[in-house]
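Here is a short note to read alongside the structure. The points are numbered so that each can be checked in turn.

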Amino acid sequence: MSAEWLTTRDTPFLLIEKSKYLRNIERLYSRVHALGSEVRPHLKTLRSIEAARYLLEQSDSPATVSTLAEAEAFAAAGYTNLLYAVGIAPHKLPRVAALIAKGVNLHILLDSEPQAIAVAEYSRAHNLAFSVFIEVDCDGHRGGLPPHSDELLTLARLIETSGSTLTGLLAHAGESYSCRTDDAILAAARAECTAIKTAGNRLRSQGYACPILSVGATPTAHFADNLTGISEVRAGVFTTFDLVMKNVGVCRLEDIAISVVATVIGHNREKGWVFIDAGWMALSRDRGTAAQSQDYGYGQVCSLNGNPLENLLVTTTNQEHGIITLPEASAFTVDDFPVGSRVRILPNHACATAAMHQHYQVLSEDGEGHEVWQRIVGW
């Protein structure tokens, strides 16, 4: 890698290695397709139209978003099959309706009777049919209804008697992020599929078509071994990966396609500190690796070429300062990091770090050229 712009562009900036990004996409897509399902990629990590073009082959390819701002931006770019995978707030229904009026197949998500009543009332008042998913709780991680809950039938009835459509069920194996072995991730993947199929069978036995069963989390997406009956798999951070995913066991350090390029701005020789111009405003406050087998502080330090520097971490962040602490037994000294030199930092959580930047510098596949991808902001 010898792109001159890496040494001249103002820092800090977020860097995407396109070759790794594309390889990560191919890895998951080929696996899921081989198991007879399709990927509905979650676009929340980079929130970028340019990035999504490598994930969505057609304008109606299925996609997942986490904000209505994303839905609006992707709809404006011509994408029409979007699942808003956050529980619907009633006051957001007019924005959903506006997108539907433009021909967008925007699916909404709910898991409670108050939400379903609000959707039903809006549907009747405006003679509008919504496409609705109900969230199923497969592991106690967050929201959703247990697969044996009678409330599933109550919500299905409220949705369909109002003229809307129960399009499917959604499950998210969020607890898989806490797994520490391949066997544990595999078990989480199987439990996720079992839970949503159990719920789907109950609804279908009561006459609800419920055609789509949607599962997904990056760890389980990579370890699922049987997707029979599963319509689609959602995953997001698989495109770039990060240190949390490396610790979970889903990727290697060399698979991480995202980093922050920073400049050395000073030293504290007595303490063995190297100061960089990337603080939490560039790296984020995320400490997702703190409770994992290997704590990476605020990020793994790499050379500008992307080679990890053993045992060198960003240990402290202020708003615009980061501190790399050199261990006592380190092979490096502060003199190895002269003022003005540059390093790259692999992030704990790609989604959080990407959110700190309004655009990304993208290194071309040949390692020479580059392009700029813009980030969708807001909610």
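1. Start with Gly216, which sits in the loop between strand E8 (212-215) and helix H9 (218-223). The model is a predicted one, and this applies to every point below. Gly216 has a relative accessible area of 4%. The cut-off for buried is under 20%, so Gly216 is buried.

2. Which residues does Gly216 touch, leaving aside residues up to four places away in sequence? They are Ala171, His172, Ala173, Glu192 and Arg234. A separate distance can be given for His141: Gly216 and His141 are 75 residues apart in sequence, and their C-alpha atoms are 13 Å apart in space.

3. Next, look at helix H6, which covers residues 113-126. Its 14 residues, at 1.5 Å a residue, should span 20 Å. Just after H6 comes Asn127, with a positive phi of about 50°.

4. Which residues of H6 are buried? The list is Gln115, Ala116, Ala118, Val119, Ala120, Tyr122 and Ser123.

5. How do H5 and H6 cross? Their axes come within 11 Å and cross at roughly 50°. H5 and H6 are therefore oblique to each other. The crossing in which H5 passes H6 is right-handed. On the H5 side the contact uses Leu93, Pro94 and Ala97, which meet Ala118, Val119 and Tyr122 of H6. By class, the residues of this contact are six nonpolar, no polar and no charged.

6. H7 also packs with H6, at an angle of about 10° and with the axes 8 Å apart. Angles under 35 degrees count as roughly parallel, so H6 is roughly parallel to H7. From H6, the residues Glu113, Ala116, Ile117, Ala120 and Arg124 take part, and they meet Glu151, Thr154, Leu155, Leu158 and Thr161 of H7. This contact of H6 with H7 holds five nonpolar, two polar and three charged residues.

7. Some backbone details in loops are worth checking. The peptide bond from Thr11 to Pro12 is cis, with omega near 0°. Pro12 is placed in the loop between helix H1 (5-8) and strand E1 (13-17).

8. Arg47 is not a glycine, yet its phi is positive, at about 50°. Where is Arg47 placed? It lies in the loop between strand E2 (38-39) and helix H3 (49-52). Is Arg47 buried or exposed? Its relative accessible area is 15%, and since buried means under 20%, Arg47 is buried.

9. Phe241 is a residue other than glycine with a positive phi, near 60°. Its place is the loop between strand E9 (232-233) and helix H10 (243-248). Phe241 has a relative accessible area of 0%, so it is buried.

Terms used. Residues numbered from 1 in each chain as written. Predicted model: local features only at pLDDT ≥ 70, side-chain atom pairs only at ≥ 80, totals over all residues. Heavy atoms only, no water. Helix = DSSP H or I, 4+ residues; strand = E, 2+ residues; numbered from the N terminus. Expected span 1.5 Å × (residues − 1). Buried < 20%, exposed > 50% of the residue type's maximum accessible area, 1.4 Å probe, protein only. Axes fitted to C-alpha atoms, helices over the stretch in contact; angles between N-to-C directions. Parallel < 35°, antiparallel > 145°, perpendicular 65-115°, else oblique. Left-handed = near helix turned anticlockwise from the far one by under 90°. Contact = heavy atoms within 4.5 Å. Nonpolar A, V, L, I, M, F, W, Y, C, P; charged D, E, K, R; others polar.
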